[in-house]
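Reader: I would like to learn how to read a fold from its coordinates. Please show me.

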Amino acid sequence: MEGGKCDHPEHATAPCPPPSQGRLITVLSIDGGGIRGLIPSTIIACLESKLQEIDGPDARIADYFDVIAGTSTGALVTSMLAAPGENKRPLFAASELKDFYLENGPKIFPQKKLGFLNPAANLFGAVMGPKYDGKFLHDKIKKLTHNTTIAETVTNIIVPTFDVKFLQPVIFSTYEAKVDPLKNAHLSDICISTSAAPTYFPAHFFSTHDPDPKAEVKEREYHLVDGGVAANNPTMAAMSMITKEVLRKNPDFTHGNPAEYNNYLIISIGTGSAKMAEKYTAPACAKWGVLRWLYDGGFTPLIDIFSHASADMVDIHAAVLFKALRVKENYLRIQDDSLEGDTSSVDIATKKNMEALIEIGNGLLQKKVARVNIDTGMYETVEGEGTNEEALKRFAVKLSNERKLRQATLKSH
């Protein structure tokens, strides 16, 4: 080693050894939130730059995380970070995520021209069908991922969706896909499904097949909508799926690395919320019928409420759990709860709003580390832990050290 860089150029391109060769299980989790995916994209680019300062310019996020979990727009980011490109390296560097949204956001969420009939037209549209047909998003994801299946990602990914036919969550994971062909869906189908937010995009149908002629079940149908219905913050979904693999005796998690949550190192990144803006009040909501719950001044209160409730319940659970285990420094949640106006929308993809979201992401890096107050739901500054950027730098050192430990352990066997 010299100047913090790795002597071996293959360090950044060799697959990361499994957790069984180290001390930690590393997880990156990315919330859903439509165009607000620009916020976590900015944070993740910062983290990757910190890893590159330690291990060289070829380092990628997927080299350091055992699992990347994402819901909705978070799943799109997850797929770009973990889908195989040339030489089976990640398709995108984290620094390219922002440009993807800037280029494609206005086509995914085409903005309608304003007119005096616009509010009435929007209300009528919200009642009569999805706001967007999703065709551009479908085509773009298919073009990016081709026929890649979830079993072929460069690191393990976990993506929650919800099956409307059977009214139950369906969680796709690389781990399960490798042993069950019926769960080995194409990344394009998974991303389209978990992004199909009710009222915004149409539900997605597809089926998978088992090529084994002896298989008892040869086909499985999926009738899916946005994973945010079940887990807008996929952190606990990821931890549960990893625990399931431990119980299944997956060799990645043997050799003294049990399903104890104090072995986890987790970075969970939100897409912002409008808590401090106090957008809705009980006296106002008390007068609403079905239509106003579905559409109110350009926003969809019902969707806002269940997605934020889902994300916050997970954050509260994780924060309390890590504090109880006395390893709260192993859990970092980066979230902005002060969005207002256009920035709190999931689909206002104007140049001005997208640039504002990037600024919010950059501003979050300079804010002090904060943890959720389980009584108020607000984020409160944690003394002595510095800014989020400083925390990411500390996590980058831990991630790099864990990777080096695993490589050294593997070589010594």
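Reader: How many helices and strands are there in the protein?

Author: First, the ground rules. This is a predicted model, where local features need pLDDT of at least 70 and side-chain atom pairs count only at pLDDT 80 or more, while totals for chains, interfaces and linings use all residues. Residues are numbered from 1 along each chain as its sequence is written, and side-chain values use heavy atoms, without hydrogens and water. Helices (H or I, at least four residues) and strands (E, at least two) are DSSP runs, numbered from the N terminus. The protein has 14 helices and 10 strands.

Reader: What radius of gyration does the protein have?

Author: The radius is taken over C-alpha atoms, and the globule rule is 2.2 Å times the number of residues to the power 0.38. For 413 residues, a compact globule would come near 22 Å; the protein has 21 Å, which agrees.

Reader: Which residues touch the most other members of the largest nonpolar core?

Author: In soluble globular proteins, nonpolar side chains tend to be buried together. A nonpolar core is a set of buried Ala, Val, Leu, Ile, Met, Phe, Trp, Tyr and Cys residues joined through side-chain atoms within 4.5 Å. Buried means under 20% relative accessible area (1.4 Å probe, protein chains only). Here the largest core holds 60 residues, and Leu28, Ile44, Leu47, Ile61, Phe65, Leu81 and Leu392 touch the most other members. Helix 1 (residues 38–55) gives the most to this core, eight residues. A second, separate core has 25 residues, including Phe322 and Tyr379.

Reader: What share of the residues is buried?

Author: Buried residues make up 55% of the 413.

Terms used
Buried means under 20% relative accessible area, exposed over 50%, partly exposed in between (1.4 Å probe, protein chains only).
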